[in-house]
Amino acid sequence: MTRGEEQPQTWHHGIVASWWAEFNLTGPEISYFQKYIEDDGEPALDVACGTGRLLVPYLRAGLDVDGCDLSADMLARCRERAAAEGLSPNLYAQAMHELELPRKYKTIVLCGGFGLGGNRDQSFESLRRIYEHLEPGGLLLLDNEVPYAVAGIWPHWPKEERRALPKPWPELGAGDHRQGSDGAEYELRSRVVELDPLTQCVTLEMRADLWRDGEHVAAEEHVLKMSMYFTHELVGLLELTGFTDVTLRGDYTHEEPSGDTDFIVFIARKPA
Ligand SMILES: C[S@@+](CC[C@H](N)C(=O)[O-])C[C@H]1O[C@@H](n2cnc3c(N)ncnc32)[C@H](O)[C@@H]1O
């Protein structure tokens, strides 16, 4: 099996998918990207749409937006959310490096998904597939958290820190614990397992636990591989793919990014 044939490894399944549907519903990204779709950007595609944090509000606003995601569980939660509002979006279960959809788009949004799965060849192939799915003159909007903004991972880049990996698991009870809308209790704990600074790839693990009526009913463990990208290498990849007019914005504002920016928004056009 060559590197290009590996399946992307992510933790967005099972309890983690339910967590996303319950607790990840807001954020500045939603209205920020929506404006670009409204400005003559339909039809649009939400790549790695997850449980529909962006997609469902866009559909509610009457926008013509399709969604795709690697995780059938995330898409199932997305479909449920949409159906609860009488909406039935076109949702496709596909890895983004294998994207193959029946129509072309004026706008493609990739929010919080670039580099997930952990294979750099696949990240580059994803950009090529996205490019193919854009109409001439179409716009790609992609966000990327800069590697040095991720407080739990950045300290592990030096050799001495890497030798101390994997980190121990946090104790049960010490993770992020929340109560869902139906009374179920969720807890997520994660740890860094390994980091390769040469490929800029990090491996994380997550333990997800679920309680109903005080009884511990499920425990899952998932792996997330993630390729990390610095800003100018990603600009280079976009240009290599064929995109032009690559513009950078900081933290979902219309300002140029600075060294303090955590999330860089890349706005790139397919030539007309
Ligand atoms: C951090 S969530 C973001 C979801 C959504 N875009 C949002 O902002 O709410 C990342 C999503 O990317 C999906 N994903 C991860 N790797 C992927 C891949 N290689 N191809 C397609 N989707 C992927 C996951 O299943 C998950 O739904």
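**Aromatic rings and their surroundings**

Guide: Start with a charge over a ring. The charged end of arginine 128 sits over the ring of phenylalanine 124, and the distance to the ring centre is 4.3 Å. Bear in mind that this is a predicted model. A second case involves lysine 270, which lies over the face of tyrosine 131 at 4.7 Å from the ring centre.

Now the ring pairs. A pair of aromatic rings is described by the distance of the centres and the angle of the planes. The structure holds 15 aromatic pairs. Take phenylalanine 23 and tyrosine 186 from among them. Their ring centres are 5.5 Å apart and their planes stand at 90°, so this pair is edge-to-face. An angle over 60 degrees counts as edge-to-face. Phenylalanine 23 belongs to helix 1, residues 14-23, and tyrosine 186 to strand 7, residues 185-196. The pair therefore ties together parts that are 163 residues apart in sequence. Are these two residues buried or exposed? Phenylalanine 23 has a relative accessible area of 19%. The cut-off for buried is under 20%, so phenylalanine 23 counts as buried. Tyrosine 186 is buried too, with a value of 5%.

Next, phenylalanine 114 and tyrosine 229. Here the ring centres are 4.9 Å apart and the planes meet at 45°, so the pair is tilted. Both residues sit in loops. Phenylalanine 114 is in the loop between strand 4 (105-110) and helix 5 (120-132). Tyrosine 229 is in the loop between strand 9 (215-227) and helix 7 (231-241). This pair ties together parts that are 115 residues apart in sequence. Phenylalanine 114 and tyrosine 229 are both buried.

Then there is a cluster. Tyr32, Phe33, Tyr36, Tyr252 and Phe263 form one aromatic cluster. Helix 2 spans residues 28-38, and its buried residues include Tyr32, Phe33 and Tyr36. Glu29, Ile30, Gln34 and Ile37 are also on that buried list. Just after helix 2, aspartate 40 takes a positive phi of about 65°.

Serine 126 lies in helix 5. Serine 126 is buried, at a relative accessible area of 3%. Threonine 241 is found in helix 7. Threonine 241 is buried as well, at 12%. A polar atom of the threonine 241 side chain lies 2.7 Å from the backbone oxygen of leucine 237.

Last, the ligand. How many residues surround the ligand? There are 19, and the closest are Ala48, Arg53, Asp69, Met96 and Cys111. By class, this shell has 11 nonpolar, 6 polar and 2 charged residues. A polar backbone atom of alanine 48 is 2.6 Å from a nitrogen atom of the ligand. A polar backbone atom of cysteine 111 is 2.8 Å from a ligand nitrogen atom. Arginine 53 uses its side chain: one of its polar atoms lies 2.8 Å from an oxygen atom of the ligand. On its own, the ligand has 590 Å² of accessible area, and the protein covers 96% of it.

Note on methods:
Residues are numbered from 1 along each chain as its sequence is written. This is a predicted model: local features need pLDDT of at least 70, side-chain atom pairs count only at pLDDT 80 or more; totals for chains, interfaces and linings use all residues. Side-chain values use heavy atoms; hydrogens and water are left out. A residue is near a molecule or strand if one of its heavy atoms lies within 4 Å of it. A polar contact is a pair of N or O atoms within 3.5 Å; within protein, one must be able to donate a hydrogen and the other to accept it, and residues adjacent in sequence count only if both atoms are side-chain atoms. Accessible areas come from the Shrake-Rupley method with a 1.4 Å probe; for residues, only the protein chains shown count as cover. Ala, Val, Leu, Ile, Met, Phe, Trp, Tyr, Cys and Pro count as nonpolar, Asp, Glu, Lys and Arg as charged, and the others, Gly among them, as polar. Rings of Phe, Tyr and Trp (its six-membered ring) pair if their centres lie within 6.5 Å; planes under 30 degrees apart count as stacked, over 60 as edge-to-face and the rest as tilted. Helices (H or I, at least four residues) and strands (E, at least two) are DSSP runs, numbered from the N terminus. Buried means under 20% relative accessible area, exposed over 50%, partly exposed in between (1.4 Å probe, protein chains only). A charge sits over a ring if NZ of Lys or CZ of Arg is within 6 Å of the ring centre and within 35 degrees of the ring normal.
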